[in-house]
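Try each task before reading its solution.

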Amino acid sequence: MDSIKHHFSELLLRWSLDVYQSYEWALSFSDKRVAAWPLMQSPFPTVMLIVLYLCSVHYGPQLMRSRQPFEMRWILVFYNFAMTFLNLYIGLELLVCAWKQNYNWACQLVDFSSNPYEVRIAKALWWYYFSKLLEFCDTFFFILRKKNNQLTFLHIYHHSTMFGLWWIGVKWVPGGSAVPGAMTNSFVHVLMYLYYGLASIGPIMQPYLWWKKYLTMIQLIQFVSAVVMGVKAIIYNCPFTRWMQYALVAYSFSFIVLFGIFYLNSYSPKKPEKKEA
């Protein structure tokens, strides 16, 4: 038994060293401009925040089980409109800077220089990454308001993965072909948080919220476009980081499936139940 434990410990130590050496090797390709920015020095803060998020998803509803839901109307109004303006800033900053740099929207390499517009793009993408941390509040508000039916697999999968994946994006490719996806998603989030902000005001806004169905359709179009552009870039051998292109296609496709299921469940005509004779 002792020899098995010793052998297992050796394998674990060897694997840990291999992972560390691979990470050190990957760091040599990372963007030196972002190295000292908040949360970018190491992946551990991001990983720990994701772990804490998932723990809150698991334990939060249990802690709230015997408590009354919190009334958070004006906090939600402030939060949703703040997120609307943050996403609008990110989307516009990426659009303006990419336009000034004559970006090729189909295939664009990352410029790691100190060009002011490229630095602004990197900073906007950092804010995009950070916004994914702020979006954890969506989940916390559901828990505090005891809206546990909103804690779906789609919701948790989206929030827990975007934050981690965009740490990688900002660390290694804060620009180039990473821009169109973040820019488009930011503009989509402007509409999404605007909708939630209006809904938070109360029933008086209900007549103006008829467009929720179309918001889901826009989200689906966004992901379909990302898959098409990603596949096209792969086919035409775009020199932008290949591993990210494959990751983008796979990740976007997973959202097409999940949002497609959500759309069908939410908006498909319900068949009338047959009455028993």
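The exercises below concern a predicted model.

**Exercise 1.** Find how far helix α4 reaches from its first C-alpha to its last, and compare that with the expected span.

Solution. Start with the range: α4 covers residues 116-134, which is 19 residues. Next, take the reach from first to last C-alpha: 27 Å. At 1.5 Å a residue, 27 Å is expected, and the helix comes close to that.

**Exercise 2.** Identify the residue that caps the N-terminal end of α4.

Solution. The cap is Asn 115. One of its side-chain oxygens lies 2.9 Å from the backbone nitrogen of Tyr 117.

**Exercise 3.** Work out which helices the buried residues of α4 pack against.

Solution. First list the buried residues; among them are Ile 121, Ala 124, Leu 125 and Tyr 129. Then look for their partners: α2 (44-64), α3 (73-100), α5 (136-144), α6 (153-172) and α7 (179-201).

**Exercise 4.** Decide whether Thr 139 is buried or exposed, and name its contacts beyond four places in sequence.

Solution. Thr 139 sits in helix α5. Its relative accessibility is 0%, and buried means under 20%, so Thr 139 is buried. Its contacts beyond four places in sequence are Tyr 53, Val 57, Leu 151, His 155 and His 159.

**Exercise 5.** Name the residues that touch the most other members of the largest nonpolar core.

Solution. This core has 63 residues. Leu 94, Leu 125, Tyr 129, Trp 166 and Val 170 touch the most other members. Helices supplying at least two residues each include α4, α8 (212-235) and α9 (242-267). Now take Leu 94: beyond four places in sequence, Leu 94 touches Ile 121, Ala 124, Leu 125, Val 179, Ala 182 and Met 183.

Key:
Residues numbered from 1 in each chain as written. Predicted model: local features only at pLDDT ≥ 70, side-chain atom pairs only at ≥ 80, totals over all residues. Heavy atoms only, no water. Helix = DSSP H or I, 4+ residues; strand = E, 2+ residues; numbered from the N terminus. Expected span 1.5 Å × (residues − 1). Buried < 20%, exposed > 50% of the residue type's maximum accessible area, 1.4 Å probe, protein only. Contact = heavy atoms within 4.5 Å. Polar contact = N/O pair within 3.5 Å; in protein donor to acceptor, adjacent residues only side chain to side chain. Core = buried A, V, L, I, M, F, W, Y, C linked by side-chain atoms within 4.5 Å.
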